[in-house]
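Let's take a walk through this structure together, starting with a pair of strands and moving on to charged side chains.

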Amino acid sequence: MKNWRDNIRKVVPYTPGEQPKKEGMIKLNTNENPYPPSPSVRKRLEEMSVDTLRLYPDPTAGVLVRALADHYGVQDDQVFVGVGSDDVLAMAFMTFFNSDRPIFFPDITYSFYPVWADVFRIGYETKALDKDFRIRPEDYYGENGGVIFPNPNAPTSILEPLDLIRDILEHNRDVVVIVDEAYIDFGGVSALELVNEYDNLLVVRTYSKSRSMAGLRVGFAIGHPDLIKALNDVKYSFNSYTMDAFSLALGAETLKDTGYFEECMEKIIRTRAWTAKELTRLGFVFPEPMANFIFASHPDIPAEELFARLREQDIYVRYFPLPRIDNYLRITIGTDEQMKTLIRFLEKYINGRK
Ligand SMILES: *Cc1c(COP(=O)(O)O)cnc(C)c1O
């Protein structure tokens, strides 16, 4: 007798960071932005008529695609939008990674990549970062079915230079190379300037971190029109209406307020520098942070212990019990006030333990 259970697709799902809802907690565990979305977003939201919800949204996501194309100086047919960059990346895995060869990504990286590879039955090989958690471009020279990595990398916060991306592209002209730029706005140089030069480069971005809109679920990809058309063909084969009326209107609106956006980025970068200085003073070590988080380790105190003690204080950071990184904490940059509370507690704890 055949059991229906034999025919279930078995996957080990991605585990998102906790979303506790506690009064007064300090949430530094999922790299959200501590500042609210632009005031223009609130205004636009208040102006929206509830009747908007009666109709299907524009399946082409026209206003959002046009706004993004204008903002980044590309053509409309070079922009694809999705329900957060997780949706964009999942579509990209399905669309571009269909060869018999394995795709390549770093051993320490966004932990959703192996999950998508498994759910879409895409073979993959991980390439070990060097001892300083840097990408070795030579590792990506071999025959493969595609390449993906975040820049800056997560959870290390390390930014690789454009030269390295160019090097990887030069050695991979026959496969799609995806650069996941979830954190590029926090001081990095984007690979966007290479999309007109390399027709196999797809740059993926999100509204969830730098644009303070993780709850809206907007992500996008920029690349050659043929890549974008292929993504849209797959999207329309699943669901024509991925982008709801709010995502379209508010996603386009926020791009107009560049002043507020730049102000928020500067604030976070300043708070990051202060936090880095304080963590160093307390004995922590970490790679130079180029995202809105610091990946820190303490030579004398296990990360798992610090994670647990912080949690008791309702200070949530992220801990990954994984090979090579199980003595690190990924600490999101919050407000100055939040970071001061974190440092104050760590200082007291570390001194009390001596
Ligand atoms: C947060 C994150 C994403 C996904 O963000 P969305 O909220 O789905 O847009 C993708 N890649 C990396 C590396 C991330 O850290």
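**Strands, then salt bridges**

Strand S9 (residues 293-296) and strand S12 (residues 329-332) run antiparallel, with four bridges joining them. Two strands count as paired if DSSP finds at least two bridges between them; helices (H or I, at least four residues) and strands (E, at least two) are DSSP runs, numbered from the N terminus. Across from phenylalanine 295 you'll find arginine 330 in S12. S9 is covered on both faces: Phe293 and Phe295 on one side, Ile294 and Ala296 on the other, are all buried. Here buried means under 20% relative accessible area, exposed over 50%, and partly exposed in between (1.4 Å probe, protein chains only).

A quick word on the model: it is predicted, so local features need pLDDT of at least 70 and side-chain atom pairs count only at pLDDT 80 or more, while totals for chains, interfaces and linings use all residues. Residues are numbered from 1 along each chain as its sequence is written, and side-chain values use heavy atoms, leaving out hydrogens and water.

Now for the charges. The structure has 23 salt bridges, each a side-chain nitrogen of Lys or Arg within 4 Å of a carboxyl oxygen of Asp or Glu. One of them links glutamate 347 to arginine 281, with the closest N and O atoms 2.9 Å apart. Glutamate 347 sits in helix H10 (residues 336-353) and arginine 281 in helix H8 (residues 258-281), so this pair ties together parts 66 residues apart in sequence. Glutamate 347 is partly exposed at 27%, and arginine 281 is partly exposed at 47%.
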